[in-house]
Amino acid sequence: MTRVSIPQISIFTVSLFFLVFSFFFHFYIDPDKKTSITTEPHPETHVNNHIIRFIQYKKAQDHREYLESNVKLKGWEWVERKNPAMKFATDFALVAIEEFMLELLIGEFGKLELVKDVSLDLSYQRGVLEERNGKVGAFVDGKKRPGKIFTAMSFDEGENYDAVASTRSTTTSWRRNLMMQKAQVTSLFGADALWSKGYTGAKVKMAIFDTGIRARHPHFRNIKERTNWTNEDTLNDNLGHGTFVAGVIAGQDAECLGFAPDTEIYAFRVFTDAQVSYTSWFLDAFNYAIATKIDVLNLSIGGPDYLDLPFVEKVWEITANNIIMVSAIGNDGPLYGTLNNPADQSDIIGVGGIDYSDHIASFSSRGMSTWEIPHGYGRVKPDIVAYGREIMGSKISTGCKSLSGTSVASPVVAGIVCLLVSVIPESKRKDILNPASMKQALVEGAAKLSGPNMYEQGAGRVDLLESYEVLKSYEPRASIFPSVLDYTDCPYSWPFCRQPQYAGAMPVIFNVTILNGMGVIGYLESPPSWHPLNEEGNLLSIHFTYSDIIWPWTGFLALHMQIKEEGAQFSGEIEGNVTVKIYSPPAQGEKVPRRSTCFLRLKLKVVPTPPRSARILWDQFHSIKYPPGYIPRDSLDVRNDILDWHGDHLHTNFHIMFNMLRDAGYYVETLGSPFTCFDAQQYGTLLLVDLEDEYFDEEIKKLRDDVINTGLGLAVFADWYNLDSMVKMKFFDDNTRSWWTPVTGGANVPALNDLLAPFGIAFGDKILNGDFVMNAEQSRYASGTDIVKFPGGGYLHSFPFMDSSESGATQNFLLSGMSKADSPILGLLEVGGGRVAVYGDSNCLDSSHMVTNCYWLLKKILDFTANNIKDPVLFSDSSRQDNTLHLDMKQLPSRRKDVNFSTYSAVVGKELICRSDSRFEVWGTKGYDLHVRGRNRRLPGDAVIDMGRGLNSTPIVQISNSTGDSLGDRYLGLFSRDDLDLPVVVASYWLIPAIAVSGLVLVLIFWKIRQKRRRRRKGTANSARFTNL
């Protein structure tokens, strides 16, 4: 029988083929996966200075010996600081660390018992004092200037300055009154009345942190000391700003008199001629101010970064050492939520600016403070305002000039403070005067202006003579600022006076500051208490949150106010007092603690609970702002303010929209907790505008049920999101020595798409710009996105726009000369018992950089979502969508893979819980009808990545991933992580390499088996041979 030879593929061949195919597929076939390592260009310098803070003060040499004896690794060296502060003990060291050893050395230093923390030596750069009305900030034409994030400082307005401010629902314009241009600012405050009594600022040590001052300047009679803290070898002022500030405080020239001509001037040169400074320079200068027992300190700088902890905490230490600090509130007006640090700190006297007509200057930054949001409510700032327009001061060498800005208003108040300090006998000053008592004298003596609200003017215009009267009879005590909340006092009590309280509403939060003039540290003797004036006052329920320790000199007290259910039909006013008892340890020579009782007077308006359709719930919880992350602006047309740092709150950059909604009869409440923490049956519409955070799974499920089954209306205003454009927006920050890339887009579109998925709606990644006409209204679509998924049966509005995203730019170039493509931007849909409206741009609601408003559109959308009123403009036959607009899930915008989003998020890696800004009955719970334990939210398909290079940075060397799809979807189609509630066990980016390694192991195993079989067959053949013989 003839055996037919059939070709057979061996196991070895199959295994080898599988191995080669796996690698070939992984590295070449997949067009979406780029595994090459991209090294970003960076400056040549690879050594960066870092600040090591210690838990105790010692001589610098002792700190050096401690570090060198405990950290033997190479790659770092001690940096000598040759300045006057080295005569005294210090609490920090400056070391230079090589880039390649950075993470390892920071870890080693951080382990040391006496080391508090390690941080980069940040630099500050202030705005150039340009001629006329030019102001320069941290970003010019979309590019970051060297130095830390800062805002524009004082400037020369020229002779014909027009100030235009959109501070309310209408635009106010005025022309400056030039008749008072040459008026002495000192005479406007009545300084001559105190001079006639012999008070001229004598024996008051005034520190001016600025650009220095020249020796033997003819305008000053008492320059006590000049110190240089920069890396330049000069004590002179070559810019003129420091001299000008000193002239406002203590100048003696008849043309530009200062307030306290006999004040002892200590000029701290902390800025170079290029207007650059470093945190370490400030820390040394602050330490020297403490060691030399400075009385008053003026700091005319500021910026939005209140998370530069070495700087912020040193400012606390400054005031804790009884130094009264005065600082400019910022020149970012008329925008709200633009307070600058350190003036926004409660222990600092933050000064805003007014013109000679007692109008708030257009440039003066507005409150509230944004430290507390999105999960609380900001404090009232500025503390006071002073004249800051066309103020006369000293030139560099001789003569006078005028400047404008809050950095000019700040030395006006600093001069007043020096004059007031000199009123108190020198032997009693330290017993009576401190940062809290001086602020009490200033705010209690201030003149409240008739037009501006509390977040524009604070206590009002500083009044030197009234504050003098307060100090003359001052006894150490505690007080509350503001001491009154009166709903009948409008516009001062805005926004509270714009909307009455009612039963069933989210708590109204009012955050006040406790000023403790009794001591640097204080405590609440017992919880605050509410004392109504009459029986109706019992309808008001107040919960309190407050500082456990009042330090330094100040603390906070937040009132969470809620009308009880039995007041659902009540209409009227509720009056009463909140009482707080404060005590401080005994002062030197005293045996018993100091005690004081503070009062906060309340007068609230209450109305019956409005109907559901009139109530709007604003989502604040899912908003993220700068700092700590690089949250980019919403309109990419704005080139000189690239950060989203104004708070995105109803009462900051959306304050005009809030006023409009109130004028339209709507009641707007704020949600600072997850969606599980509100009762949807109480609201007509949930309003989501410009949101950057993720969503808990429980939130997505609840919102679906609320809309479909409970009839809740949902209105969403999104913003641009494009990964390629986000990458292009990154910049190398010379301070942190790291790349800053946007954490998300103008809005977090992938998260919004998850939220809207149950309704069949999704946004895309186009960045659309252009003008369009709707309802006979000319509108601007400013860096908005498009709608790419929408169900049939809804209404969809499209307009021709150009796509300015990175991916769209190429297509636009190829299609140049052709007509613009229509892009859907507005969709309206009835789903179940509820209604949903989506719009791809929020810039038309945001007063920060608004081109045109779309309040008319918002009102028509709310008519639909809350009342099912279908305006013919929005619900025309031509806009009806008969067919479903569909896009494959894999083509939707994806999340960034190289960002540890949990650093910035209140959702990712966090536990779902209702916070103290939700209804009292769900405080500390998971929310309404939610009895399961909350889960931490993970981004679909994302592994947690620790960047290790600062809060805003991405690593210089990075693995580039061009899409957000999981490898499991692309290669095997086994699962989609977006559909899973549990983490996937296998890391997707290891999947193919793991198969390849497995294949290699199989090859080796089968090769060994094959070798054994061959030896066996060979042995059998030999045996047969011998047998045949």
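The structure is a predicted model. In general, most peptide bonds are trans, and most residues other than glycine have a negative phi. The points below concern two cis peptide bonds, Gly367 to Met368 and Cys490 to Pro491, together with positive phi values at Asp358 and Asp690.

**Cis peptide bonds**

- Between Gly367 and Met368 the peptide bond is cis, and its omega lies near 0 degrees.
- Met368 belongs to the loop that connects strand S17 (349–354) with strand S18 (384–387).
- A cis peptide bond also joins Cys490 to Pro491, here with omega near 10 degrees.
- Pro491 sits in the loop between strand S22 (484–486) and strand S23 (508–516).

**Positive phi values**

- Asp358, which is not a glycine, has a positive phi of about 65 degrees.
- The loop between S17 and S18 holds Asp358, and Met368 is found in the loop between these strands as well.
- Asp690 is likewise a residue other than glycine, and its phi is positive, near 55 degrees.
- Asp690 is placed in the loop between strand S32 (685–689) and helix H15 (697–708).

**Solvent accessibility of the two aspartates**

- Asp358 has a relative accessible area of 25% and is therefore partly exposed, since this class lies between the cut-offs of 20% and 50%.
- Asp690 has a relative accessible area of 0%, so it is classed as buried, a term that applies under 20%.

Definitions and conventions:
Residues are numbered from 1 along each chain as its sequence is written. This is a predicted model: local features need pLDDT of at least 70, side-chain atom pairs count only at pLDDT 80 or more; totals for chains, interfaces and linings use all residues. Side-chain values use heavy atoms; hydrogens and water are left out. Helices (H or I, at least four residues) and strands (E, at least two) are DSSP runs, numbered from the N terminus. Buried means under 20% relative accessible area, exposed over 50%, partly exposed in between (1.4 Å probe, protein chains only).
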